[in-house]
Amino acid sequence: MRLAGKRAFVSGAGGGIGAATALKFAQEGASVAAADLNAEGLAETLRAVEAAGGSAVALAGDVADPARCEAMLGEAAEALGGLDVLFNNAGVLLPGDEGPVETPLEAWERTLRVNLTGVFLACKYGIPHLEKAGGGSVVNTASMVALVGSAYPQIAYTATKGGVLAMTREMAIQYARRGIRFNALCPGPVGTPMVKAFLSDEAAWNKRRPYMPMGRLAEPAEIANLVAFLASDEAGYITGAAYPIDGGITAAYVIDDA
Ligand SMILES: NC(=O)c1ccc[n+]([C@@H]2O[C@H](COP(=O)([O-])OP(=O)(O)OC[C@H]3O[C@@H](n4cnc5c(N)ncnc54)[C@H](O)[C@@H]3O)[C@@H](O)[C@H]2O)c1
């Protein structure tokens, strides 16, 4: 098991990529502190982890709330006896987030608060626990929109994901000789309930499919496999990297959409 003995904090673990990763971490031998705003989602994640023979604790709260975020990292370290891994994955795509002209300031500010400040806070309050453990691995969820633009804009979301990527690189350099690695995920469209619902509309799917070399969405478990590798000691020489995990979307210029 590649994460045997590791103690991991996972945010956004009440659904989608975070839930799949909490389960994968547990299957790989880690003990998991699963954090989310959604207590029901967390309970479901815990049931899945326990059914797989793993162990996890649930932390309900908002990563964008500084006091609660600090407390959640403290509770995670206390419950697990320390922390070796942070998967900073909680994120939102809010209604009204469109182009710069259309997007209300409130949607912009809340998106920055959760997607960017939330990752900053979890690093601010999580890194000292990793240092105490003698090192560790931090994986932050950005997006492929940190790498390429889209004519269907989500300006606040995209700005935060670019920020997560830049912040991840800078932290990687700062901590490179101090035993903590930082990497960013840049997923393409993943088949989480929200994305599946949106793309089950045939017209929306037909607009996007021609840009997808594999012609399908990622499964959350496919993202979790990469996170588990990056979190593990097998990735010991990998830091400051941005990982597209997008079925080839960001590699494509023209594709054969037969
Ligand atoms: N689904 C995709 O296509 C896709 C693509 C690229 C990147 N991402 C990113 O992956 C991450 C996970 O997204 P997902 O697709 O699994 O979405 P999701 O909505 O299924 O899961 C996100 C989870 O984060 C939680 N959350 C939201 N705000 C929070 C907060 N302030 N504090 C604590 N928890 C909070 C939600 O309750 C939810 O359980 C996000 O950062 C998202 O931007 C998703």
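## Basis

This is a predicted model, in which local features need pLDDT of at least 70, side-chain atom pairs count only at pLDDT 80 or more, and totals for chains, interfaces and linings use all residues. Residues are numbered from 1 along each chain as its sequence is written.

## Whole protein

The protein has eight helices and seven strands (DSSP runs, H or I of at least four residues for helices and E of at least two for strands, numbered from the N terminus). Its radius of gyration is 18 Å, close to the 18 Å from the globule rule for 258 residues, so the protein is as compact as a globular protein of that length. The radius is taken over C-alpha atoms, and the rule is 2.2 Å times the number of residues to the power 0.38. The C-alpha trace spans about 50 × 40 × 40 Å along its principal axes.

Of contacts between residues at least 6 apart in sequence, 76% join residues at least 24 apart (contact: C-beta atoms, placed from the backbone, within 7 Å).

## Helices α4 and α5

Helix α4 (residues 105-132) packs against helix α5 (residues 155-174) at an angle of about 20°, with the axes 9 Å apart. Axes are lines fitted to C-alpha atoms, for helices over the stretch in contact, and angles run from 0 to 180 degrees between N-to-C directions. The two helices are therefore roughly parallel (angles under 35 degrees).

Residues of α4 in the contact include Trp-108, Leu-112 and Phe-120, while those of α5 include Tyr-157, Lys-161 and Met-167.

Conventions:
Contact = placed C-beta atoms within 7 Å. Parallel < 35°, antiparallel > 145°, perpendicular 65-115°, else oblique.
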